[in-house]
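Trainee: Could you take me through one part of this model in detail? I would like to look closely at the ligand site and the annotated residues.

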Amino acid sequence: MLLRPAMSTTSSHWDRFQKFFVRYPQMGFSIDISRMSFEDGLFESQAASVEKAFSAMKELEAGSIANPDEGRMVGHYWLRDSSLAPTAELKTEIDATLAATLSFAADVHSGKVLAANGQKFTRVLIVGIGGSALGPQLVAQAITPANPPMAIDFFDNTDPDGMDRIVAQIGAEFATTLTLVISKSGGTKETRNGMLEAQAAYTAQGVDFTKHVVAITGLDSELDKLAVAQGWLARFPMWDWVGGRTSVMSAVGTLAAALQGVDVTQFLAGAAAMDAETRQRPVRENAAMLLALMWYSAGKGKGAKDMVVLPYKDRLVLFSKYLQQLVMESLGKEHDLDGNIVNQGIAVYGNKGSTDQHAYVQQLRDGVNNFFAVFIQVAKARDTAGFEVEPGYTSGDYLQGFLRGTRTALADKGRESITLSISEVSAFSLGMLVGLFERAVGFYATLVNINAYHQPGVEAGKKAATDFLKQMGQVLASLPASGGGATADEIAAQLGIDAEDAWHMASHLAANGKARLAEGASPVSDRFSAL
Ligand SMILES: O=P(O)(O)OC[C@H]1O[C@H](O)[C@H](O)[C@@H](O)[C@@H]1O
């Protein structure tokens, strides 16, 4: 029998709520799965898989090679409780790196570490992408003080226009800007380009880049070697046993957070507290396992339903984007652990409430029923004394009303939702949320028998881009300087490449002042020549 969220009486809603409501009172956290339509016997039918997930997680935390394809341990849980680390050396390294990031940040704030001109640093520029940017971006948006000690900007792409805008905003303040170049592999091209663009911006302001830049990267990576060779201000390690998408509690996240005045210790403590709760049984009180089981039941173990993340709090607006990488890069896999083709995944999107109610929630209620929502409710409305927008009601009352109202409106139409509640947005509670979803992803991966800790699919696009860029160089060199130019077909035939690619390469060169285009009636008759 399916327990439908839309029930006949109000009291049955209340009963179901009580039956499935779980809270961790000392953490100000709760999860309500009562509006999910899971089967009555779900916990029993999944008992064996759940046991497997618990033991796989236990082994992972103890240092097993939980990422078999890459032959790596998976140690992000150790970052917030280093006593879990499988060796004394690793524990020492984790503790020393955390201490080093915190003391470096304190030295920057106190002026012990100064800009080349002898003044205190006033801004931070982060250069990184994917897991090396999303965590620091989430932290910056969610838990920095309203007026942080240092302003922060990001180069998280190789879009020159995006970088130009930030460079223009920083302007002469490059003289007191500290740049963190973050790349686990140390070889990501977008980040390499961002670093070179940053270097050029410093140079344009007459500032010595090397005295303003810090590297956070794997030991002996390309980036690490460059930092050593050029004598950068500082270097902090990233380890192969921490995945990019779970690196926010390594130096990747802790240094930027500390520079912005975030209570890093509380951030880690929140995750550690959630870790402790979600190692426990019974299953019905384990928020991470409940999440994993809800994902499994909603999507039939095949990702048939998307997860729409709706935090009703502006400061959590990036959480859905953060979860998009965490969930989709972890669970979006072609093969299972036995090599079968399974094409797994769960699509994640979202922004914030109540804003999204004025955009796509229309479809969620009335359109295709291919999702479940995750509401994130924050009990404390604001830090300052509020006022009433109409007699008896504040803006915060409205925000809460819209959350509850949307949840009810969805349930009335048989649309599923989970509600997570936290008491306030703080370093501790953000740590909790991150920890919760990390473990839910790990558990779910075992339920569907996949490796959550590698990302083989990402490489295909990188390789194709490398080929494209190489061929574009050949196209540039091949363009005729005189005559009527060459068509894409002629360029392609000469170089032995695809004509459509040749047309796009030549068009890009023409749009950016490196080639001349005589536009024809259609792409096939466009003619390209050298400048
Ligand atoms: O930190 P990096 O090595 O520069 O990697 C940055 C990002 O790019 C890769 O392609 C991966 O898909 C991400 O998981 C990673 O976070």
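Which side chain does E329 join through a polar contact of 3.0 Å?

Mentor: Happy to. First, some ground rules: this is a predicted model, where local features need pLDDT of at least 70, side-chain atom pairs count only at pLDDT 80 or more, and totals for chains, interfaces and linings use all residues. Residues are numbered from 1 along each chain as its sequence is written, and side-chain values use heavy atoms, with hydrogens and water left out.

Your partner is R245: its side chain and that of E329 form a polar contact of 3.0 Å (a pair of N or O atoms within 3.5 Å; within protein, one must be able to donate a hydrogen and the other to accept it, and residues adjacent in sequence count only if both atoms are side-chain atoms). E329 sits in helix α12, residues 319–331 (helices are DSSP runs of H or I with at least four residues, strands are runs of E with at least two, and both are numbered from the N terminus). Not counting residues up to four places away in sequence, E329 touches R245, Q324, H454, Q455 and V458, where contact means heavy atoms within 4.5 Å. E329 counts as partly exposed because its relative accessibility is 22% (buried is under 20% relative accessible area, exposed over 50%, partly exposed in between, with a 1.4 Å probe and protein chains only).

K462 belongs to α16, residues 457–478, and is partly exposed because its relative accessibility is 42%. A polar side-chain atom of K462 lies 2.8 Å from an oxygen atom of the ligand. For G131, a polar backbone atom is 2.8 Å from a ligand oxygen, and a backbone N or O atom of K184 is also 2.8 Å from an oxygen atom of the ligand. The protein covers 89% of the 390 Å² of accessible area that the ligand has on its own (Shrake-Rupley method, 1.4 Å probe).

As for the record, the unreviewed UniProt entry annotates E329, H358 and K462 as "active site"; such annotations may be inferred rather than shown by experiment. These residues spread over 134 residues of sequence and up to 36.9 Å between C-alpha atoms.
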